[in-house]
Amino acid sequence: VVLVFGTGRSEGKENPFTAKASLIRYWNNHISNNLPKPPFLISKASPLNAIDLAKLTQLANHNSLSSHIESFCSLANLFCLFQEDSSKLDAVGKGKGDANFAVYSSKNFKGYGSLRRGGIDSFKNYSDGLNTPNESFKKYSRGSNAHSEDFTSYAKDANVAIDNFTNYGSSTTGGSGGFNNYQERVNVPNLRFTSYDSDGNKHKLSFSSYSSETNSGSEAFTNYGKKGKAVPAEFTSYSSNANTIGSSFAGYGVLGNSANDSFKAYGDSGNNPRNNFKIYGLASKLGIDSFTSYRDSANVGADSFQSYARDANSGKVNFVNYGKTFNVGKSTFKEYGKGSTGSTTIGFKMYDLARSFLDYAKKGVTFAGYTNSSSKETSVNRWVEPGKFFRESVLKQGNVMVMPDIRDKMPRRSFLPRGILSKLPFSTSHLSELRNIFGASMEGMLENALTECERPASRGETKRCVGSVEDMIDFATSVLGHSVTVRTTENVKGSKQEIMIGEVKGFNGGEVTKSVSCHQSLYPYLLYYCHSVPKVRVYEAEILDVTSKSKINHGVAICHLDTSAWSPTHGAFLALGSGPGQIEVCHWIFENDMTWTIVA
């Protein structure tokens, strides 16, 4: 199918066949009041004109969108990632000189630096401050000798960073790779190290301040250091102060010889870090692993060590100050050290509670200073931004409070028209089809959103993920009826500073009411997680400048009166110092989130 896009124009009156015109008709037919249509929501409708809408719908009907993915993403205002051709970079990499990529961003380094002899490549301040950097280092530095790579302040302060290191440094001899301040303060980091440093010989790797202070990302190390010989790896301050970071080490160091891995302050002070070490160090020989202050002072968290160091020969594993969480976390050691031979030793010094050891080696294991209680000395609100959660009593005229950062940090996207949306798969069971459409670099993002959408509803919760305004209208009216309206906070003024509360008005006369709140998810098209929970009160409040007392914003806040089904480790309880069912919890509706309520 050969289609030409971008020829449709609408001048003057809205073309009745555009996606936006269709949405307005749908609104008029399903909302039974005459209140003005909310501009902030209508503006998120698909920008497709009538001709492009018809062409893309035809492609969707024939499962052919993937062959026109760049046009689809551009015309429909989607968030997609495309990598540049690497031919010019390959030519540079095959030269003899060193390379300095201080101002590059979002490049594809395929086969770069292969078979290099000596030298160093520097990626300093690479992709610094970009919104959505997308880097691919495939077969980078493969087969090189004494070649070093330096990734300093790489992708710092980015929003949605996606990096793929496939067969990076495989079969290298000597040299080193340094990742210093890598992806620091990134909002949603997604990193893939596949067959990284496999078959390497004495190629030292250092991860310092790696992914520190990041939010809700994931890192995967698959077949990392496999069959490596004397390949030391240092993870220092890895994912420190991160929020809900997940790391997966699958097949890490398998069949390695004399490896020396150090995890120092890994996951330190993080909020609910989750790490999975699967078949880590299997059948390795003379390996040394050190976990020092690993997940120290973290909140909750979960670690899984499955078949870790199994069938190892004369290895040494040392856990010092491991998992000293101030709220009880969970660690599982399954077949850990099983079948190991020689003088394999495993030591746990100052190790905390809530650990499960299944089919664990009986010999060569020592537990020193194993504690039975967690320390509560750490400040419980260190991960929760001031003002993110507050009590209902704070919403009183004249009160001064801190407004959290309510700015929308997601990439700008639009909804899809229903005719196209209905033809796209939307489940984790069809992830391979989605990957074929949007590309492999989007897989982690797709899976994260789909998993959250498929999560069972909490007690009393009604939920649905929606990718069109029509679907959102259907869900809201199914819960609240057809006389509804939708609101959001007017702007982002007052973010991250003290504000004064002006006039406050409660919906439904300030009584307990029903509402449907919708929160963005990171996905190629605009996707919202919409849900309704019982027993809430919804307010709108003038937000004033503390000094001048002038109005700077008009905020919408929701107060959850029944928190009995919430987790004891919910950020609201960490910030406010209580527990499930004991207090009500309020929060602002952030930029581009929204709440639907009944119109009396």
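Modeller: Let us begin with contact, which means heavy atoms within 4.5 Å. Among contacts in this protein between residues at least 6 apart in sequence, 77% join residues at least 24 apart. This is a predicted model, in which local features need pLDDT of at least 70 and side-chain atom pairs count only at pLDDT 80 or more, while totals for chains, interfaces and linings use all residues. Residues are numbered from 1 along each chain as its sequence is written, and side-chain values use heavy atoms, with hydrogens and water left out.

Biologist: How many helices and strands does the protein have?

Modeller: The secondary structure comes to 10 helices and 30 strands; helices (H or I, at least four residues) and strands (E, at least two) are DSSP runs, numbered from the N terminus.

Biologist: What makes Pro524 a buried residue?

Modeller: Buried means under 20% relative accessible area, exposed over 50%, and partly exposed in between, with a 1.4 Å probe and protein chains only. Pro524 has a relative accessible area of 0%, and therefore counts as buried. Its place is in the loop between strand 25 and strand 26, and, not counting residues up to four places away in sequence, Pro524 touches Leu78, Phe79, Arg413, Phe438, Met442, Met445 and Leu446. Pro524 and Arg413 are 111 residues apart in sequence, yet 7.6 Å apart in space, C-alpha to C-alpha.

Biologist: Why does Ser521 count as buried?

Modeller: Ser521 has 12% relative accessibility, so Ser521 counts as buried. Ser521 is found in strand 25 and, again leaving out residues up to four places away in sequence, touches Met410, Arg413, Leu527 and Tyr529. In the protein as a whole, buried residues make up 53% of the 600 residues.

Biologist: How do you know that strand 25 is joined to strand 26?

Modeller: Two strands pair if DSSP finds at least two bridges between them, and five bridges join strand 25 (residues 515-521) to strand 26 (residues 527-532), which run antiparallel. Cys518 stands opposite Cys530 in strand 26. Both strands belong to an open sheet of five strands in the order 22-26-25-30-23, with antiparallel pairing.

Biologist: What makes strand 22 and strand 23 the edge strands?

Modeller: Strand 22 (462-466) and strand 23 (484-487) each pair on one side only. The twist of this sheet averages 20° from one strand to the next, where axes are lines fitted to C-alpha atoms, for helices over the stretch in contact, and angles run from 0 to 180 degrees between N-to-C directions.

Biologist: Why is helix 1 called roughly parallel to helix 9?

Modeller: The axes of helix 1 (residues 19-30) and helix 9 come within 10 Å and cross at roughly 10°. Angles under 35 degrees count as roughly parallel, over 145 as roughly antiparallel, 65 to 115 as roughly perpendicular and the rest as oblique; that makes helix 1 roughly parallel to helix 9.

Biologist: Which residues meet where helix 1 and helix 9 touch?

Modeller: Ser22, Leu23, Tyr26, Trp27 and His30 in helix 1 meet Val469, Glu470, Ile473, Asp474 and Thr477 in helix 9. By class, this contact of helix 1 with helix 9 has five nonpolar, three polar and two charged residues; Ala, Val, Leu, Ile, Met, Phe, Trp, Tyr, Cys and Pro count as nonpolar, Asp, Glu, Lys and Arg as charged, and the others, Gly among them, as polar.
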